[in-house]
Amino acid sequence: MAIKLVALDLDDTLLNSKLAVSPRACEAIRQAVAQGVTVTIATGRMYRSALPYARQLGLDVPIITYNGALIKSCLSGEVLLDQPIERKLSQQVLALCKERGWYIQNYVRDELYVEKINQYAEQYSRLAAVPVTAVGDRLYDGEESSNKMLIMSTPEGIVEIYDICKALFGNQLSIAISKPTYLEITDPLANKGRALAFLADKLGIKKEETMAVGDSGNDVDMLKYAGWSVAMGNASAAVKAIARLETLANDADGVAEAIEKYVLA
């Protein structure tokens with residue numbers, strides 16, 4: 001069955017280690033779109049951080065951001081889906097982080113808030129090319145609903161924090177390790193798989209006609225949903241185990257390879 005919808009993760013998937021989309025990937029996406037295929041981005045990033053890449057690729061589609069908590073159109077800015085974390089739960093997570101001394105970022109209304117600017121905040125700001133606002137202890141008040149929360153630590157620390165959060169919050173929250181030092185928290189109904197299913201249904205596209213490409217833990221639900229699931233060559237072993245197909249690494253044009261092989265061939 002022909003592929004009609006392609007969802008691409010950004011970091012360590014579509015983007016190479018220089019945080020750029022290669023010319024080959026740009027051309028493959030352009031050709032796919034010219035053939036009538038809908039190509040979208042599915043990322044844990046903020047909308048404002050993902051939008052420049054969508055514009056670079058010339059996409060006029062809804063993009064999946066915050067791991068599926070927000071689906072918003074590139075050009076019109078129309079919001080198709082908005083699934084923030086329940087305020088009471090976000091306050092509990094924030095209180096836990098304050099008590100344990102964990103670094104956490106809170107995303108509200110597509111703005112990024114931290115307690116204070118430190119190496120984690122500076123690193124993330126460079127990566128995502130977005131400003132960070134330090135609000136001191138007000139961060140932990142959780143006055144508004146969060147699009148997403150992100151805890152950062154060492155790789156060992158993130159595994160420990162993941163285990164603690166899963167034990168405390170269970171299925172009340174969607175909790176996933178994306179990068180080895182990132183723990184991403186969203187509403188339990190907000191994940192890339194549900195978002196891709198929502199978008200496919202909106203576009204009248206069957207599950208079997210979708211392709212998803214990703215590399216990390218927050219891509220698992222999307223890969224499980226897609227009829228054509230493709231793990232990057234640099235993906236974790238767990239991601240490769242659940243994907244139907246495997247492509248090259250992000251620095252070897254894995255996304256372009258997958259589109260050329262399965263969409264354009």
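Before listing anything, I noted the rule for a charge over a ring: NZ of Lys or CZ of Arg has to be within 6 Å of the ring centre and within 35 degrees of the ring normal. I also kept in mind that this is a predicted model.

**Entry: charges over rings.** I looked up Tyr47 and found Lys72 over its face, 4.6 Å from the ring centre. I then turned to Tyr107, where Lys148 lies over the face at 4.9 Å from the ring centre.

**Entry: aromatic pairs.** How many aromatic pairs does the structure hold? I got five. For Tyr107 and Tyr124, the ring centres are 6.3 Å apart and the planes stand at 70°, so I logged the pair as edge-to-face. Tyr107 belongs to strand S6 (residues 103–108) and Tyr124 to helix H5 (residues 119–128), so this pair ties together parts 17 residues apart in sequence. Tyr107 and Tyr124 are both buried.

My next pair was Trp228 with Tyr262, which is tilted, at 6.0 Å centre to centre and 45° between the planes. It links distant parts of the chain, with Trp228 in strand S13 and Tyr262 in helix H10, 34 residues apart. I found both Trp228 and Tyr262 buried.

I also noted one aromatic cluster, formed by Tyr66, Tyr107, Tyr124 and Tyr182.

**Entry: helix H10.** Is H10 (residues 254–264) mostly covered or mostly open? It is mostly covered, with eight of its eleven residues buried. Among them are Gly254, Ile259 and Leu264. What do the buried residues of H10 pack against? My list includes strand S1 (5–8), helix H2 (23–34) and strand S13 (228–231).

Conventions: Residues numbered from 1 in each chain as written. Predicted model: local features only at pLDDT ≥ 70, side-chain atom pairs only at ≥ 80, totals over all residues. Heavy atoms only, no water. Buried < 20%, exposed > 50% of the residue type's maximum accessible area, 1.4 Å probe, protein only. Helix = DSSP H or I, 4+ residues; strand = E, 2+ residues; numbered from the N terminus. Contact = heavy atoms within 4.5 Å. Phe/Tyr/Trp six-rings, centres within 6.5 Å; stacked < 30°, edge-to-face > 60°.
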